[in-house]
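Hello,

Here is the structure I promised to pass on to you. Please have a look through it first, and then read my notes below.

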Amino acid sequence: MSKLTANTNLYSQISQLLQAARLNVVRAVNATMVTTYYEIGRTIVEDEQQGKQRAEYGKQVLKELSKQLTLEFGKGFSTDNLENMRRFFLTYSISETNSRKLEREPTLNSLPILTTSQSQTNSETSSRKFNLSWSHYIKLMRIENPNERSFYEIECAANN
């Protein structure tokens with residue numbers, strides 16, 4: 001084997017290793033970010049409810065939270081995105097928790113009441129692996145039917 005061929009093979013092998021490592025890093029960052037957004041949503045919902053159902057969560061609270069988070073952590077914490085995180089938690093904790101049957105999907109103005117055991121179930125749900133990017137979940141949340149949403153989530157993950 002010539003020296004040039006050996007160097008080409010060596011370069012090719014190392015290049016493949018680096019590309020795979022980069023892909024793994026991107027996936028890990030996306031999964032961590034999405035899981036964190038889920039947990040932020042859970043924290044907002046739990047703060048909203050404080051043991052009781054409220055018809056409406058004050059926009060002012062999210063606006064102030066948005067300002068504080070943006071100052072400390074930078075972009076990504078607009079009021080709209082915080083509402084998306086809240087909705088993400090509600091959408092995926094409810095669709096993932098088969099033990100709880102709700103009459104209707106929650107909206108931004110109505111919340112199911114979470115009991116302690118349900119809250120623990122939701123914490124267990126947070127250990128669920130999110131395989132897609134945040135922008136994928138933003139689009140998937142628009143699908144009201146949980147089975148249809150699940151189908152598209154599986155298809156997205158299967159097809160990268």
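Tyrosine 137 has a relative accessibility of 0%, so it counts as buried, the cut-off being under 20%. Please keep in mind that this is a predicted model.

What about the aromatic rings? There are 14 aromatic pairs in the structure. In one of them, the ring centres of tyrosine 92 and phenylalanine 130 lie 6.2 Å apart with the planes at 85 degrees, so this pair is edge-to-face. Tyrosine 92 belongs to helix 3 (residues 79-96), while phenylalanine 130 sits in the loop between helix 4 (116-125) and helix 5 (134-140), so the pair ties together parts 38 residues apart in sequence. Phenylalanine 130 also pairs edge-to-face with tyrosine 137, at 5.5 Å centre to centre and 85 degrees between the planes. With a relative accessible area of 1%, phenylalanine 130 is buried, and tyrosine 92 is buried too. These three residues are part of one aromatic cluster, whose members include Tyr37, Phe88 and Trp134.

Leu10, Ile14 and Leu18 make a nonpolar patch of about 280 Å². Leucine 10 is in helix 1 (residues 3-49), and its relative accessibility of 44% makes it partly exposed.

Finally, have a look at helix 6 (residues 146-158): its 13 residues reach 18 Å from the first C-alpha to the last, close to the 18 Å expected. Asparagine 145 caps its N-terminal end, with a side-chain oxygen 2.8 Å from the backbone nitrogen of asparagine 147. After the helix comes asparagine 160, which has a positive phi near 55 degrees.

How values were computed. Residues numbered from 1 in each chain as written. Predicted model: local features only at pLDDT ≥ 70, side-chain atom pairs only at ≥ 80, totals over all residues. Heavy atoms only, no water. Helix = DSSP H or I, 4+ residues; strand = E, 2+ residues; numbered from the N terminus. Expected span 1.5 Å × (residues − 1). Polar contact = N/O pair within 3.5 Å; in protein donor to acceptor, adjacent residues only side chain to side chain. Patch = residues over 30% accessible without salt bridge, like charges linked within 9 Å, V, L, I, M, F, W, Y side chains within 5 Å. Areas by Shrake-Rupley, 256 points an atom, 1.4 Å probe, with all protein chains shown as cover. Salt bridge = Lys/Arg side-chain N within 4 Å of Asp/Glu carboxyl O. Buried < 20%, exposed > 50% of the residue type's maximum accessible area, 1.4 Å probe, protein only. Phe/Tyr/Trp six-rings, centres within 6.5 Å; stacked < 30°, edge-to-face > 60°.
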